[in-house]
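This briefing concerns one chain of a predicted model and its contact with a partner chain. The points after the structure are grouped by topic.

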Amino acid sequence: MASLEESLAEYIRLKLPDARDVLVDQLEQISGGASRQTYSFRAAWVEGGNRRERRLILRRDPAASLIDTDRKIEFSAYRAFFKTMVPVPEVLWLEEDSRHLGSPFFIAVEMSGLQSSPARILMEPYAAHHQKIAEQKWTIMGEIAKQDPARLGLVGTMEWVEPDRCWQRELGYWENVLDSDELIPQPIMRAAIRWLRANPPPPAQKISVVHGDFRTGNFLYDEQGKIHGILDWEMAHLGDPLEDLGWSLNRVWCWAHDDRRGGLVPREEAIRIWEKASGLKAAPAAIHWWELFASVKGQGIWVSSAHAWETGENKDPILVLSAWSLMNSQDRAALELMGRLA
Amino acid sequence: MFQTFAADLLMRVVPAVSPTYHQGTIGMLAATLAIVAEEWDRAASWRVEENRSLRELFRDSAPAVKDDALRAKLVALSGTDDRDLRISALTANNSALRAALIELHCYVESVRSEDSRRIEAAIWRELVESTQRRRLSSAQF
């Protein structure tokens, strides 16, 4: 049976028919989100008499993951945003046929020498740049909101939704996840869902691409506090741009154990940056709705990760750790947003 | 004991392991062990306390519930107990009680009466308390 290196080299030969002596080495699994297996590797080949070499990233589907998503949507989002002001890695090939590597995958160009850890961002030298990182983080999020999904070529790849239906579609989806995957009853989230249904938000100001998991931990930054790449687009979809803002404000991302959102700046500052960049408004009632929704969505993810681990679909420790460490915090976040936490 | 295991993994094993991905995995196992260490001592205690609290809430609420089926369920559940102190048994009882709590919460939200507001306030107090019982010392919120 061929090794993963050999299978990758064979695949690259298929994609680069003029390449000779293709070699894949330095293959190493890396942390790259919980929904796909991520590997870093070096590919070298000879083309037109010249030796070429690139460091690449393989994102391969596991048997079961924290988030069940369509890799074609993730690949299309990376490709669409590559030539915009939104920094993303360049993606090269999407392969949905499992015969090459045992499951579908895509390959991207590696962005080396950068950090993504939400723990490390709290330490020096990164801690000195929190305002700068926050300015970029929520400005990039605003830039995603500003983009026209049709001009990006993503309408069709991503399902269209009318501005007054965004909230219903997303809430329905995550309520279904709770229905199917919860291992123990979730009275706080069920109360939150009833409140969200009884108090719908205004229609979306526009339909935007929603990254779906834009938070500290899902972008690459350097020691000078510059953000180089937005990662993990596996939950990208069309919808209300306030959804991304609400998700980024989620209390469970307060990595510094204080009120700074994403471990960076206070909530109001994050909203100010986003409004300035997007040209949109985060009306208090509307963003409140999307923040509470973010708690339901978050709990949906933690519940489904616990379910995948408990049923044996996937025994990656990140599933049990994320569920165990975040479910109660997510409940508390919802209680706070519903005005019940003194 | 589990805290010691977790510290050993982080301080001695992680630096000796490569590649980085496996360091990350061991770090996650250590973090999970640290949670187990915290839960080990309190797991039965908070479940028993919460189950007792929910039974009392049902006992107090049942007379004001006009829905016969729900009232009968609350009365029945308020008469149960936690004889089996294994975590799996306590969790099963807790799940049954929390499922009924959701039903009661839905019911009182739909009924306009002083009793319903009183019960609703008691439910919210219980839900807040439930997150205090489960709160981990490492939680960011």
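In this predicted model, Pro317(A), Ile318(A), Val320(A), Leu321(A), Trp324(A) and Ser325(A) of helix α9(A) meet Thr25(B), Met28(B), Leu29(B), Ala31(B), Thr32(B) and Ile35(B) of helix α2(B). By residue class, this contact between α9(A) and α2(B) comprises 9 nonpolar residues, 3 polar residues and no charged ones.

**The contact between the chains**

- Chain B contributes 28 residues to the contact, and chain A contributes 30 residues.
- On the side of chain B that touches chain A, at least two residues come from each of α2 (20-61), α4 (87-110) and α5 (114-134).
- Helix α2(B) gives the most to this side of chain B, with 9 residues.
- The residues on this side of chain B divide into 15 nonpolar, 9 polar and 4 charged.

**Helix packing within chain B**

- Helix α3 of chain B spans residues 68-78, and its axis comes within 11 Å of that of α4(B), with a crossing at roughly 145°.
- The crossing of α3(B) past α4(B) is left-handed.
- From α3(B), the contact is made by Leu70(B), Lys73(B), Leu74(B) and Leu77(B).
- From α4(B), the residues in this contact are Ala96(B), Leu97(B), Ala100(B), Glu103(B), Leu104(B) and Tyr107(B).
- The contact of α3(B) with α4(B) contains 8 nonpolar residues, no polar residues and 2 charged residues.

**Overall form of chain B**

- The secondary structure of chain B consists of 5 helices and 0 strands, which gives the pattern α-α-α-α-α along the sequence.
- Chain B has a radius of gyration of 21 Å, whereas a compact globule of 141 residues would have one near 14 Å.
- The C-alpha trace of chain B extends about 65 × 30 × 20 Å along its principal axes.
- Of the 141 residues in chain B, 23% are buried.
- Among the contacts in chain B with a separation of 6 or more, 60% join residues 24 or more positions apart.

Technical notes
Residues numbered from 1 in each chain as written. Chains lettered and ligands numbered in written order. Predicted model: local features only at pLDDT ≥ 70, side-chain atom pairs only at ≥ 80, totals over all residues. Helix = DSSP H or I, 4+ residues; strand = E, 2+ residues; numbered from the N terminus. Rg over C-alpha atoms; globule rule 2.2 N^0.38 Å. Buried ≥ 20, exposed ≤ 12 C-beta atoms within 10 Å, placed from the backbone. Contact = placed C-beta atoms within 7 Å. Nonpolar A, V, L, I, M, F, W, Y, C, P; charged D, E, K, R; others polar. Axes fitted to C-alpha atoms, helices over the stretch in contact; angles between N-to-C directions. Left-handed = near helix turned anticlockwise from the far one by under 90°.
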